[in-house]
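Dear colleague,

I am handing over the structure below for your records. My findings follow it, arranged by region.

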Amino acid sequence: MWWLSRCTGTRAGSLRTRSRTRSARCPGCGGQSGRIHGRYERRLADAPLGGMPVVIVVLMQRFKCLTAGCPAVTFAEQIPGLNRPHARHTPVLRDLLGRIAQVLAGRPGARLARKLGMTAAKDTLLRLLRTIALDEPGHVRVLGIDEFALLKGHTYATLLVDLEARRPIYVLPSREAQPVARWLADHPEVQIICRDRASAYAEAARSAAPQAVQVADA
């Protein structure tokens with residue numbers, strides 16, 4: 001059974017605790033072990049409290065695997081809901097930063113996180129963003145289509161946005177008409193298309209989504 005001793009404040013924004021787990025399961029072979037090999041401290045950034053950054057300092061235990069021939073030999077305990085291997089954030093903070101990354105991505109997300117008491121570099125947010133499994137877009141009634149540069153002057157892609165949900169839903173690898181037309185053909189529920197004045201997007205909308213009203217930007 002996993003549980004923690006009572007947390008006590010050691011300084012502003014810091015909580016110190018320890019694990020009192022008596023045994024743990026080896027991730028290598030699945031065997032249970034109660035032989036403690038040693039202890040070490042983990043520092044985990046947690047969700048802010050009253051706008052103040054919070055760090056949980058946990059005295060963790062390392063167990064010796066009792067299974068002969070197991071390649072793990074020793075292993076560190078993992079407390080569900082608190083830590084994961086090599087993680088520096090608690091799952092709660094990771095989820096909050098992930099939500100910020102989904103909306104604002106790198107630098108803007110890092111600035112907002114700092115204002116809210118969560119310290120995270122732009123690269124950290126971008127790494128989090130790459131690990132998040134995005135929800136399926138479902139039915140899209142009002143679709144936004146626009147190009148953006150992967151490498152300005154050389155490589156372009158097309159961004160599709162659900163304008164009612166106000167979130168990106170798909171990136172197409174070029175700004176040609178054919179990929180857009182294929183996507184529209186698979187989504188006959190689209191009723192309104194807001195696009196720039198590129199002829200490729202107009203052609204794709206006419207051929208693959210004749211039921212949709214087209215709105216071109218100025």
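In this predicted model, strand S8 (residues 142–151) and strand S9 (residues 155–162) pair in the antiparallel sense, with eight bridges between them. Within that pairing, Leu143 has Asp162 of S9 as its bridge partner. The hairpin of S8 and S9 has three residues between the strands, and Gly153 takes a positive phi near 85° there. S8 is also joined to S11 by four bridges, and these two strands run parallel. The bridge partner of Ile145 in S11 is Arg195.

These pairings belong to an open sheet of five strands, ordered S10-S9-S8-S11-S12, with mixed pairing. Strand S10 (167–172) and strand S12 (213–216) each have a single partner strand and stand at the edges, so one side of each is left without a neighbour in the sheet. On average, and with direction ignored, neighbouring strands of this sheet are turned by 25° against each other.

Helix H4 (residues 177–185) packs on this sheet, where it touches S8, S9, S10 and strand S11 (192–195). The direction of H4 makes about 125° with that of S10. Which residues of H4 are buried? They are Ala177, Pro179, Val180, Ala181, Trp183 and Leu184. These buried residues pack against S8, S9, S10 and S11, and also against helix H5 (199–208).

The loop between S9 and S10 holds Arg166. Arg166 is not a glycine, yet it has a positive phi of about 60°. Is this residue, Arg166, buried or exposed? Its relative accessible area is 77%; because the cut-off for exposed is over 50%, Arg166 is exposed.

Strand S5 (residues 36–49) and strand S6 (residues 52–64) run antiparallel and are joined by 11 bridges. One of the residues involved is Gly38, whose bridge partner in S6 is Arg62. The hairpin of S5 and S6 has two residues between the strands, and Gly50 takes a positive phi near 60° in it.

Val73 is placed in the loop between S6 and strand S7 (74–76). Its phi is near 65°, a positive value in a residue other than glycine. Val73 has a relative accessibility of 45% and therefore counts as partly exposed.

Helix H3 (residues 122–131) has three named buried residues: Thr124, Leu125 and Leu128. Why do they lie on the same side of H3? They cover an arc of only 95° around the axis, which puts them on the same side of the helix.

Gly106 lies in the loop between H1 and H2. With a relative accessibility of 9%, Gly106 counts as buried, because the limit for that class is under 20%. Leaving aside residues up to four places away in sequence, Gly106 touches Lys122, Leu125 and Leu126. Leu125 is also among the buried residues of H3. From C-alpha to C-alpha, Gly106 and Glu189 are 33 Å apart in space, and they are 83 residues apart in sequence.

The last item may be of use if you look at pockets. The second largest pocket has a volume of about 320 Å³. How many residues line the second largest pocket? There are 13, and Arg88, His89, Thr124, Arg127 and Leu128 lie nearest its centre. H3 supplies the largest share of this lining, with four residues. Thr124 and Leu128, which lie nearest the centre of the pocket together with Arg88, His89 and Arg127, are also among the buried residues of H3.

With kind regards

How values were computed:
Residues are numbered from 1 along each chain as its sequence is written. This is a predicted model: local features need pLDDT of at least 70, side-chain atom pairs count only at pLDDT 80 or more; totals for chains, interfaces and linings use all residues. Side-chain values use heavy atoms; hydrogens and water are left out. Two strands pair if DSSP finds at least two bridges between them. Axes are lines fitted to C-alpha atoms, for helices over the stretch in contact, and angles run from 0 to 180 degrees between N-to-C directions. Contact means heavy atoms within 4.5 Å. Buried means under 20% relative accessible area, exposed over 50%, partly exposed in between (1.4 Å probe, protein chains only). The arc is that of the directions from the helix axis to the C-beta atoms. On a 1 Å grid over the protein atoms alone, a cavity is a set of points where a 1.4 Å probe fits but cannot get out, and a pocket is an open set with protein on both sides within 12 Å along at least five of seven lines; lining residues have an atom within 4 Å of a point. Grid points are joined across faces, edges and corners, and a volume is the space filled by probe spheres set on the points.
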